[in-house]
Structures are given as C-alpha cells and as structure tokens.
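Look over the sequence and the model below. The text that follows goes through one part after another.

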Amino acid sequence: MLRVVFILCCLSFISLLFACSRKPNDDVIGRDIETKVSADPQSKDSQVAVESKQGKVKLTGTVKTPAARQQVEKIAKEEPGVSVVDDQTSVAPPTAQAALPPPPTFSAAQKINMFAYPKNNQSRDQQLRDELDCYNLSQQQSGVNPDAPAPAAPASADIAAAQQAAANDAQQAKGGRVQGAARGAAGGAMIGAIAGNAGKGAGIGAVAGTMRGGMQQRQTNAATKQQAAQQGGSQVQQDYAQAKASYDQGMSTFKRAFSACMDARAYSVK
C-alpha cells in the first residue's frame with residue numbers, strides 16, 4: 001500500500017514539473033501581448049507597454065478609444081499563462097483638428113488655361129485648395145511667375161518709331177559735292193583744252209560735277225537710311241519673337257510642374 005502511494009506521489013511530482021516547464025516565461029508573455037495588440041485592427045494604434053511577472057500582467061500607456069482599451073485588456077486576459085491583468089491604460093483625449101482656411105474664390109488651374117478633374121471625388125472646396133497649393137509650389141520650384149503678363153506684340157506705331165530712329169542714326173556720306181566738283185573740273189578742263197579754252201571748260205565741268213556729286217550723295221544717303229529703317233523694324237519684331245518664345249517656354253515649364261503636383265494629389269489635368 002505504501003508503495004502505491006509513493007508511486008502516485010512521484011507521478012504527481014513529475015506532472016507538476018512538466019507543467020511548470022511548459023509554462024510561458026514573462027518575456028514571452030509580454031512580447032506576445034504587444035504583438036497581438038499591434039496587429040489587432042481595433043487596438044493597432046494604441047501605445048501600450050506590457051509588464052509580466054509570474055502570470056500577473058500590468059498594462060500601461062494610452063489608447064485612442066474606450067473600445068480599444070477593452071480590446072487590449074481582452075487580448076491580455078486570453079494570453080496563455082496570464083492569471084491576473086492590471087489594466088492601467090488611459091484613453092487619450094481626441095486631437096483637435098486645425099480649422100481649414102476658406103477655399104479660394106477662383107480656380108488656379110483655369111487661371112493658366114488648364115482644367116483639373118478629381119479622381120477620388122474630392123469636394124469642390126478641396127480641389128480649389130489643392131489647385132492653389134500646386135500653383136504656389138510650382139512657382140517656387142520652376143522660378144516662373146505665371147502672373148507676369150505676356151509680351152505685347154509691337155504696334156505699327158512702335159515699328160515706325162524704331163524705323164525712324166534707325167534711319168536718323170544711319171551713317172551719312174559726306175563730301176560728294178566737293179569730290180564731284182573736282183572730277184567735273186578735271187573733265188571739263190580736258191574738254192575745254194580741246195576747244196581752246198581750258199579754264200572755261202574747267203568751270204563748266206566743276207558746276208556739273210558738283211550737281212552730279214550732290215545727287216549721288218543724296219541717293220546713297222537715302223538708300224542707307226532706308227536700309228537702316230528696315231533693319232530697325234525687323235529688330236523690333238525679332239525682339240518680340242524672342243521674348244514671346246521665352247515666355248511660352250516658361251509657361252510650359254510651369255504647367256508641367258503644376259500638372260505633376262496635381263497628379264500626385266489624384267487629379268487629372270489637361
């Protein structure tokens with residue numbers, strides 16, 4: 001009889017040792033609870049610390065809602081090896097959302113002749129805010145001021161003024177009358193010598209040469225002024241074309257930046 005009792009006691013002791021060896025340690029219990037709290041949809045945003053000691057678990061930290069607090073405690077109580085749960089977590093007060101500024105009274109997209117369409121059913125007010133944000137960001141990143149006016153095409157009066165100024169500045173030939181007189185006198189003297197009166201021939205030749213030299217000088221100067229006027233008018237038009245091309249390139253760069261910003265915020269922009 002004593003032998004049977006001894007055997008039963010030994011078996012009981014062995015079973016107790018085996019059960020104790022399988023009991024989870026405190027570190028494992030703490031890690032398991034924290035992992036399950038982080039993975040649970042209702043409590044995943046909680047900031048909870050777990051302290052486990054001989055099956056007694058202490059919970060501290062903050063949760064966002066009372067329901068999340070109940071879920072954290074439930075997870076801890078269901079953890080194998082936990083006998084007591086001391087829940088000292090608290091519900092964090094709701095964070096106050098900053099008041100949104102009033103929406104703009106205009107469409108920044110339409111201001112630059114573009115159209116934006118929301119992909120995620122954004123409200124009209126939200127779209128106007130996003131457009132203005134992207135408008136300002138694009139200006140900072142591209143260095144282009146879309147509010148700057150486009151260069152104005154030159155009016156006919158502007159071209160005429162440029163032509164007149166260029167003509168007035170054109171270099172004018174001088175000394176044509178003197179040179180013509182000299183050439184005329186020399187030629188007249190030769191003719192006069194043949195006729196027997198070189199002096200009279202020289203005088204007549206000088207007068208004719210002066211008139212011819214003056215006329216040639218006037219013709220040359222008129223052609224020079226006309227050419228300068230044409231160049232002056234062409235220069236005005238070239239300056240405008242270059243300014244317009246530079247403006248168009250800048251606006252194209254700005255619109256690409258604006259489209260990229262709006263696309264990142266789930267809008268289709270054309």
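Predicted model: local features only at pLDDT ≥ 70, side-chain atom pairs only at ≥ 80, totals over all residues.

Helix α3 has twelve residues, 66-77, and at 1.5 Å a residue it should span 16 Å; the C-alpha atoms at its ends are 17 Å apart, which agrees.

Which residues of α3 are buried? They are Ala68, Gln71, Val72, Ile75 and Ala76. Viewed down the axis of α3, these buried residues fall within an arc of 135 degrees, so they line one face of the helix. The general rule behind such a pattern is that an α-helix has 3.6 residues a turn, so residues three or four places apart point the same way.

Is Pro102 buried or exposed? Its relative accessibility is 68%, and because the cut-off for exposed is over 50%, Pro102 counts as exposed. Pro102 and Arg129 are 27 residues apart in sequence, while their C-alpha atoms are 8.5 Å apart in space.

Gln127 lies in helix α5, residues 124-142. With a relative accessible area of 5%, Gln127 is buried, since buried means under 20%. What does Gln127 touch, leaving aside residues up to four places away in sequence? Gln127 touches Ala116, Pro118 and Tyr267.

Methods
Residues numbered from 1 in each chain as written. Heavy atoms only, no water. Helix = DSSP H or I, 4+ residues; strand = E, 2+ residues; numbered from the N terminus. Expected span 1.5 Å × (residues − 1). Buried < 20%, exposed > 50% of the residue type's maximum accessible area, 1.4 Å probe, protein only. Arc of directions from axis to C-beta. Contact = heavy atoms within 4.5 Å.
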